[in-house]
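Please view the sequence and the structure before reading on.

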Amino acid sequence: MSIAPSNPLPPPGAAADWTVPQNWRGYTPAEHAMWDRLFARQAAMLPGRATSAFLEGLDVLRLSKAGIPDFDELSARLMDLTGWSVVAVPGLVPDAVFFEHLAHRQFVAGRFIRTPAQLDYLQEPDVFHDVFGHVPLLADPVFADYMQAYGEGGLRSLQYGALDKLARLYWYTVEFGLIREAGELKLYGAGIVSSYGESIFALEDPSPHRLGFDLKRLMRTQYRIDDYQQTYFVIDSFDDLLQQTLQTDFAPLYAELAGLSDLEADAIVEDDVVLNRGAQAYAKARRAGSSSSSTNR
Ligand code: PHE
Ligand code: FE
């Protein structure tokens, strides 16, 4: 995820579109080893948990090759498959810049990698979250189209002052989405699949709610940025997600949402399709213990 507050000028050394060279040759052996360590841990636990499209993406993009991927090499493979490429940015980029890249089928990724002390928690998305988490699904033609449509929709949302509503769609699908596959729940959100703890929590823990995907409902729902989600939304297929979002004109939806109150991250409302009504034990325990943190990405 790379949605940041507005900030008009790229930092020194970045191009006008905020991209920087990845400088793959500049990574140290310790940085490559960090990727390998994170990769091995996720690759061992995701089969059977992640959607088959994600696992196939890892495979066709050869992401199991040792070391931090070279974006040029990765982009060449991705370009052949779906016309996407991966470009490096110095950190979070302004919303419009982020959307503009997506609309042009360019995924912006951080180039830095977390340190061993940040194994399970970091504030800003690093190259492991961005590349391991997000890029495999860009090899799926339908999901690839959804990401482009989301970028176009993002630019449009700015005209309606509705970025906060549209950002929730990204959060609850691209970052933290679950999908039904042959009758079973699977993971596809990048924030989940790049996190050891949340990969297990999102799928198997009785604490969070798991609700059927509902566009309007979801865009009213607040989310947690500092801990595991309290609610996950489940889609039927990428095709259904793409068709629903493409075929809905969001302008009247934004107008309607402006008159409705937000829903808490752990709300259950009348028309929800409840797959799991979570007891929220995890969130309650964390609130009671407060302060300490660990999560995501
Ligand atoms: N149909 C949306 C609109 O009218 C655009 C969109 C497509 C948004 C796909 C998100 C995902 O703004
Ligand atoms: Fe992300």
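The text below covers the ligand, its pocket and then the cavities.

The model is predicted: local features need pLDDT of at least 70, side-chain atom pairs count only at pLDDT 80 or more, and totals for chains, interfaces and linings use all residues. Residues are numbered from 1 along each chain as its sequence is written, ligands are numbered from 1 in the order in which they are written, and side-chain values use heavy atoms, without hydrogens and water.

**Ligand 1**

The shell around ligand 1 includes Tyr146, Arg156, Leu169 and Asp249; a residue counts as near if one of its heavy atoms lies within 4 Å. By class, this shell has 6 nonpolar, 3 polar and 2 charged residues. H6 (141-159) and H11 (238-247), both helices, each supply at least two residues of the shell. The largest share, 5 residues, comes from H6.

The table lists polar contacts of the ligand (pairs of N or O atoms within 3.5 Å).

| Atom of ligand 1 | Polar backbone atom of | Distance |
|---|---|---|
| nitrogen | threonine 245 | 2.7 Å |
| nitrogen | threonine 248 | 2.8 Å |
| oxygen | phenylalanine 250 | 3.0 Å |

Taken alone, ligand 1 exposes 330 Å², and the protein buries 92% of that (Shrake-Rupley method, 1.4 Å probe).

**The pocket**

Ligand 1 sits in the second largest pocket, meaning that more than half of its atoms lie within 2 Å of the pocket's grid points. On a 1 Å grid over the protein atoms alone, a pocket is an open set of points with protein on both sides within 12 Å along at least five of seven lines, and lining residues have an atom within 4 Å of a point. The volume of this pocket is about 220 Å³. Of its 14 lining residues, Ala149, Gly153, Thr245, Leu246 and Phe250 lie nearest the centre. H6, H7 (163-175), H11 and H12 (250-258) each give two or more residues to this lining, and the largest share, 6 residues, is from H6.

**The cavities**

A cavity is a set of grid points where a 1.4 Å probe fits but cannot get out. The structure holds 3 cavities of 30 Å³ or more. The largest cavity has about 50 Å³ of space, and its lining includes Phe201, Arg224, Asp227 and Tyr282. Helix H13 (residues 281-289) gives the most to that lining, with 3 residues.

The second largest cavity has a volume of about 40 Å³. Among the residues lining this cavity are His134, Phe143 and Tyr188. Its lining has 6 nonpolar, 2 polar and no charged residues.

Key. A polar contact is a pair of N or O atoms within 3.5 Å; within protein, one must be able to donate a hydrogen and the other to accept it, and residues adjacent in sequence count only if both atoms are side-chain atoms. Helices (H or I, at least four residues) and strands (E, at least two) are DSSP runs, numbered from the N terminus. Ala, Val, Leu, Ile, Met, Phe, Trp, Tyr, Cys and Pro count as nonpolar, Asp, Glu, Lys and Arg as charged, and the others, Gly among them, as polar. Grid points are joined across faces, edges and corners, and a volume is the space filled by probe spheres set on the points.
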